[in-house]
Amino acid sequence: MPIFMIERKFAEPVAPRLNAFDELNAINDDQGVRWLYSFLSPDRLRTFCLYEAESAEAIRRAAERAGIPADLVIEVSARVYPDGSMTPVA
């Protein structure tokens with residue numbers, strides 16, 4: 001399954017709420033999207049998330065239903081390691 005990096009920009013600092021994750025995961029499941037994990041910027045105004053999905057459009061649909069931004073959705077194809085080696089993502 002393809003892997004995507006999503007950048008999300010927020011007007012207010014993100015404060016993750018545990019009870020929100022069940023709803024987000026249910027929406028993602030409906031769209032065939034699997035959230036792997038996210039990174040927060042130091043100011044908590046941006047997140048960088050890794051997802052598995054059939055398409056970028058599926059990620060955008062899930063984000064719209066969840067009421068969260070998906071400002072940049074980029075499919076990634078390989079991992080690059082500090083020694084210069086690469087491995088496919090999928």
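**The nonpolar core**

Analyst: The largest nonpolar core has 12 residues: Phe4, Ile6, Ile27, Val33, Cys49, Tyr51, Ala53, Ala56, Ala58, Ile59, Ala62 and Val73. Keep in mind that this is a predicted model.

User: What is the general idea behind such a core?

Analyst: In soluble globular proteins, nonpolar side chains tend to be buried together. In this structure, S1, S3 and H2 are the elements that give two or more residues to the core. H2 gives the most, with four residues.

User: Which residues does Ala56 touch, leaving aside those up to four places away in sequence?

Analyst: Ala56, a member of the core, touches Phe4 and Val73.

User: How do I read a salt bridge?

Analyst: Side chains of opposite charge can pair when their charged atoms come close. A search of the whole structure finds three salt bridges here. One of them joins Glu7 and Arg46, with the closest N and O atoms 3.2 Å apart. Glu7 is in strand S1 (residues 3-9) and Arg46 in strand S3 (residues 46-52), so the pair, 39 residues apart, links distant parts of the chain.

User: Is Glu7 buried or exposed?

Analyst: Glu7 has a relative accessible area of 13%. The cut-off for buried is under 20%, so Glu7 counts as buried.

User: Which residue does Arg65 pair with?

Analyst: Arg65 forms a salt bridge with Asp30, and their closest N and O atoms are 3.3 Å apart. This pair also links distant parts of the chain: Arg65 belongs to helix H2 (residues 56-66) and Asp30 to helix H1 (residues 18-31), 35 residues apart. Asp30 is exposed, with a relative accessible area of 55%, whereas Arg65 counts as partly exposed at 47%.

User: What about Arg34 and Glu52?

Analyst: Their side chains meet in a salt bridge, at 2.8 Å from N to O. Arg34 lies in strand S2 (residues 34-40) and Glu52 in strand S3, so the pair ties together parts that are 18 residues apart in sequence. Both residues are partly exposed: Arg34 has a relative accessible area of 48% and Glu52 one of 21%.

User: How is empty space found in a structure?

Analyst: Rolling a probe the size of a water molecule over the atoms shows where empty space is left.

User: Which residues line the largest cavity?

Analyst: The lining is made of Arg8, Leu24, Ile27, Asn28, Tyr51, Ile59, Ala62, Ala63, Ala66 and Ile68. H1 and H2 are the elements that give two or more residues to this lining, and the largest share, four residues, comes from H2. By kind, the lining residues divide into eight nonpolar, one polar and one charged.

User: And how much space lies in the largest pocket?

Analyst: The largest pocket holds about 530 Å³ of space. It is lined by 21 residues, and Phe10, Val14, Phe21, Leu24 and Ile68 lie nearest its centre. At least two lining residues come from each of H1, S2 and S3, with the largest share, five residues, coming from H1. The pocket lining divides into 15 nonpolar, three polar and three charged residues.

Technical notes
Residues are numbered from 1 along each chain as its sequence is written. This is a predicted model: local features need pLDDT of at least 70, side-chain atom pairs count only at pLDDT 80 or more; totals for chains, interfaces and linings use all residues. Side-chain values use heavy atoms; hydrogens and water are left out. A salt bridge is a side-chain nitrogen of Lys or Arg within 4 Å of a carboxyl oxygen of Asp or Glu. Buried means under 20% relative accessible area, exposed over 50%, partly exposed in between (1.4 Å probe, protein chains only). On a 1 Å grid over the protein atoms alone, a cavity is a set of points where a 1.4 Å probe fits but cannot get out, and a pocket is an open set with protein on both sides within 12 Å along at least five of seven lines; lining residues have an atom within 4 Å of a point. Ala, Val, Leu, Ile, Met, Phe, Trp, Tyr, Cys and Pro count as nonpolar, Asp, Glu, Lys and Arg as charged, and the others, Gly among them, as polar. A nonpolar core is a set of buried Ala, Val, Leu, Ile, Met, Phe, Trp, Tyr and Cys residues joined through side-chain atoms within 4.5 Å. Contact means heavy atoms within 4.5 Å. Grid points are joined across faces, edges and corners, and a volume is the space filled by probe spheres set on the points.
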